[in-house]
Amino acid sequence: MIIKNVRILGGEPVDIRVADGLIAEIGPGLEGPETVDGQGAVALPGLVDLHTHLREPGREDAETVQSGTQSAARGGYTAVHAMANTSPVADTAGVVEQVWRLGREFGHCDVHPVGAVTVGLEGRQLAELGAMADSAARVRVFSDDGKCVDDAVLMRRALEYVKAFDGVVAQHAQEPRLTSGAQMNEGVVSGRLGLTGWPAVAEEAIIARDCLLAAHVGSRLHVCHVSTAGSVEILRWAKSKGWNVTAEVTPHHLLLTDDLVEESPVGAYNPIYKVNPPLRTRADVEALRAALADGTIDIVATDHAPHPVEDKETEWSAAAMGMVGLETALSVVQEAMVKTGLLDWEGVAQRMSVAPARIGRLAGHGQPLTPGSPANITLYDPSVRTKVDPSAFASKSRNTPYEGMSLPGRVMATFLRGRPTVLEGKLV
């Protein structure tokens with residue numbers, strides 16, 4: 001196959017020859033019996049998400065491995081990490097192998113299960129970390145995401161344990177005693193609305209503790225969905241020490257602010273804006289953007305969190321937390337980071353493909369688009385601008401905060417080891 005007229009990382013137009021799942025040749029004027037017209041699109045290495053909720057097993061009403069990976073492919077992803085808070089919890093070799101095999105059977109992208117840190121996500125006993133690492137799924141990322149490993153001793157033991165197989169503990173930083181009953185960011189808006197506040201310090205205290213623990217035992221720590229300016233400063237300090245700490249930010253925390261809970265196109269108290277961690281202030285958003293640009297925050301991860309209609313279209317206090325994000329992530333990053341001049345397309349590739357693949361230890365992903373590399377390729381047209389229509393999503397869920405919003409760009413095609421999973425914006 002010849003992919004014609006694409007701009008690798010936004011450079012000059014070239015053609016890409018794909019053969020046997022690899023990039024065989026790059027240059028102008030390549031010819032072959034089968035061609036795909038790239039129409040001048042930006043070519044990126046296939047995107048990698050370190051934080052996806054596929055819900056299967058247990059909540060197939062919200063998402064399945066099949067629908068979730070279709071959504072991922074539509075968003076330009078060639079690999080996702082499936083979080084462990086399923087039912088049953090992915091805390092044994094058997095469950096992670098089930099998710100891995102579902103990915104191989106139905107996946108429109110590679111599925112790499114994330115193993116739970118503790119049994120049942122209950123924070124009392126370490127899960128079968130070694131067995132999951134040795135399983136067919138070869139788990140290297142472990143997280144109780146949705147819950148914090150708040151016991152310092154247990155967190156230390158987990159960090160020590162994963163060193164044996166070069167694993168990483170991905171922490172959901174939320175001190176539970178400081179967020180009991182919390183509904184949104186603690187600040188001026190929560191005070192006006194009468195909603196229990198979620199203080200920034202609840203996130204920052206756990207990050208500071210865990211950075212110190214990771215340094216003490218010499219292990220790898222990854223911080224999920226960073227949301228505050230204070231967290232950025234703690235991470236910057238930890239990295240200045242040379243500690244092995246990485247961090248992610250979600251697209252929605254790069255664009256949306258807590259005042260949307262009070263004033264938005266869909267009115268006040270709309271649970272579409274209810275998410276964990278909560279949307280923060282404009283100052284936090286600016287700090288997160290700067291941190292992603294300077295490398296303090298390593299990657300963008302979607303925290304794609306699908307929910308059925310009945311779990312979101314209810315009163316604020318009862319509504320589930322979370323937003324879908326796979327199909328809008330690249331557009332939001334363009335709006336927040338590229339349009340503002342904070343990142344170029346090479347920077348986007350680093351933060352949405354190269355670095356997440358490195359953190360997750362995925363050898364076949366996040367590779368440069370050069371001859372001999374796996375043909376995991378995303379073609380993206382940054383020149384268009386459209387209104388977000390959730391009814392067109394491949395995901396089974398529609399809980400997006402961007403409905404009706406004008407966002408830039410469109411994923412034109414996605415190739416997984418040379419096989420198209422999306423062409424002309426449509427699933428293959």
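Colleague: To begin, is the crossing in which α11 passes α12 left-handed or right-handed?

Modeller: Please note that this is a predicted model. In the model, the crossing of α11 past α12 is right-handed.

Colleague: At roughly what angle do the axes of these two helices cross?

Modeller: The axes of helix α11 (residues 329-338) and helix α12 (residues 345-360) cross at roughly 130° and come within 11 Å. The two helices are therefore oblique to each other.

Colleague: And which residues make the contact?

Modeller: From α11, the contact residues are A329, L330, V333, Q334 and V338. From α12, they are W345, V348 and M352.

Colleague: How many of the residues in that contact are nonpolar, polar or charged?

Modeller: There are 7 nonpolar residues and 1 polar residue in the contact of α11 with α12, and no charged ones.

Colleague: Let us turn to charged pairs. How many salt bridges does the structure hold?

Modeller: The structure holds 22 salt bridges. As background, side chains of opposite charge can pair when their charged atoms come close.

Colleague: Which residue forms a salt bridge with E97?

Modeller: The partner of E97 is R101, and their closest N and O atoms are 3.3 Å apart. The two residues are separated by about one helical turn, because they lie 4 residues apart in helix α2 (residues 93-106). R101 has 45% relative accessibility, so this residue counts as partly exposed.

Colleague: What about D166; with which residue does D166 form a salt bridge?

Modeller: D166 pairs with R220, with 3.5 Å between the closest N and O atoms. This pair links distant parts of the chain, 54 residues apart. D166 sits in the loop between α4 (152-162) and β9 (168-171), while R220 sits in the loop between α6 (201-217) and β12 (221-223).

Colleague: Does R220 count as buried or exposed?

Modeller: R220 counts as buried, because its relative accessibility is 8%. D166, at 36%, counts as partly exposed.

Colleague: Where are R236 and D294, the next pair?

Modeller: The side chains of R236 and D294 meet in a salt bridge of 2.9 Å, N to O. R236 belongs to helix α7 (residues 229-240) and D294 to helix α9 (residues 282-294), so the pair links distant parts of the chain, 58 residues apart. R236 counts as partly exposed at 28% relative accessibility, and D294 counts as partly exposed at 47%.

Colleague: Finally, which residues are linked in a network of salt bridges?

Modeller: K4, D15 and E31 are linked in such a network.

Technical notes: Residues are numbered from 1 along each chain as its sequence is written. This is a predicted model: local features need pLDDT of at least 70, side-chain atom pairs count only at pLDDT 80 or more; totals for chains, interfaces and linings use all residues. Side-chain values use heavy atoms; hydrogens and water are left out. A salt bridge is a side-chain nitrogen of Lys or Arg within 4 Å of a carboxyl oxygen of Asp or Glu. Buried means under 20% relative accessible area, exposed over 50%, partly exposed in between (1.4 Å probe, protein chains only). Axes are lines fitted to C-alpha atoms, for helices over the stretch in contact, and angles run from 0 to 180 degrees between N-to-C directions. Angles under 35 degrees count as roughly parallel, over 145 as roughly antiparallel, 65 to 115 as roughly perpendicular and the rest as oblique. A crossing is left-handed if the near helix is turned anticlockwise from the far one by less than a right angle, and right-handed if clockwise. Contact means heavy atoms within 4.5 Å. Ala, Val, Leu, Ile, Met, Phe, Trp, Tyr, Cys and Pro count as nonpolar, Asp, Glu, Lys and Arg as charged, and the others, Gly among them, as polar.
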